[in-house]
Amino acid sequence: MKIGIIGAGNIGGNLTRRLTALGHDVSVANSRGPETLRALAEETGATAVRAEDAARGAEIVVVTVPLKAVPDLPSDLLAEAAEGVAVIDTGNYYPQRDGRIAAIEDEGLTESRWTERHLGHPVIKAFNGTYAQDILDRHRPAGDPERIALPVAGDDAAAKAKVRALIEQLGFDTVDSGGIDDSWRQQPGTPVYGLRAGAEAVTKALAEASPQRPADFRA
Ligand SMILES: NC(=O)c1ccc[n+]([C@@H]2O[C@H](COP(=O)([O-])OP(=O)(O)OC[C@H]3O[C@@H](n4cnc5c(N)ncnc54)[C@H](OP(=O)(O)O)[C@@H]3O)[C@@H](O)[C@H]2O)c1
């Protein structure tokens, strides 16, 4: 599958490693330009591109930049993506890093709703509570008792199904965590955030979340 990854840091870099290892055709971009991604491209066989070219022809696009950088992404980022493209948002709002975002703090928008408004395209929230290193170290075959599950939220059923299938191929079970308006259940500070457990425990943790933003994650 053709996959575009925007952001080549902890999460973007490790997704590039695993998705290329699985045989996907990956284009990866950062803010400084493809010449700064030569080592990652050589290591993985991914194609380093400019952010404006990363989604071209892609069936899945991963946006994995700090939240504060989302408004800086090219406005036509997804214009040349494949029809029906699924956009994965791995983002979290950390006010200490991202600055105060009033729409999240005051209006109560979920982080992913805020991001999709900037992108002008629905997103699927996934990987936001997954340690980047776990993408490399904790994948397991289906049925393995140690296989962990990741929550996946989104409003577009077809896109969500495509993303869940990809995550399962990457070596993780998935739990449908509802729509984007429900995705506060997996935001920073919730019981499922950073939880390394199977589907049953992930489902329970999602149910136990409180809609109130924890003080540590408010500005
Ligand atoms: N780290 C984790 O374990 C983890 C886990 C789950 C979720 N997350 C979330 O996932 C997101 C990414 O986290 P991360 O730790 O992978 O970040 P990171 O290591 O800081 O990497 C960020 C990447 O985004 C790129 N970037 C920044 N602005 C950009 C722009 N305008 N256009 C294109 N690329 C841009 C950076 O490129 P340059 O280096 O060229 O600026 C860099 O490659 C965050 O919201 C984070 O909270 C992180």
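Which residue in β5 is the bridge partner of valine 62? The partner is isoleucine 88. Helices (H or I, at least four residues) and strands (E, at least two) are DSSP runs, numbered from the N terminus. The model is predicted, so local features need pLDDT of at least 70 and side-chain atom pairs count only at pLDDT 80 or more, while totals for chains, interfaces and linings use all residues. Residues are numbered from 1 along each chain as its sequence is written.

The sheet comes next. Its 8 strands form an open sheet in the order β3-β2-β1-β4-β5-β6-β7-β8, and the pairing is mixed. Two strands pair if DSSP finds at least two bridges between them. At the edges lie β3 (47-48) and β8 (173-176), each of which pairs on one side only. Strands β4 and β5 run parallel and are joined by 4 bridges.

Helix α8 (residues 199-207) touches β7 (149-154) and β8, and its direction makes about 30 degrees with that of β8. Here, contact means C-beta atoms, placed from the backbone, within 7 Å; axes are lines fitted to C-alpha atoms, for helices over the stretch in contact, and angles run from 0 to 180 degrees between N-to-C directions. The buried residues of α8 are Val202, Ala205 and Leu206. Because they cover an arc of only 100 degrees around the axis, they are on the same side of α8 (the arc is that of the directions from the helix axis to the C-beta atoms). These buried residues pack against β7 and β8, whereas Glu200 and Ala207 are exposed on the other side of α8.

In total, 27 residues surround the ligand (C-beta atom, placed from the backbone, within 6 Å of it). The closest are Gly7, Gly9, Asn30, Ser31 and Ala69.

Notes:
Two residues are in contact if their C-beta atoms, placed from the backbone, lie within 7 Å. A residue is buried if 20 or more other C-beta atoms lie within 10 Å of its own, exposed if 12 or fewer, and partly exposed in between; C-beta atoms are placed from the backbone.
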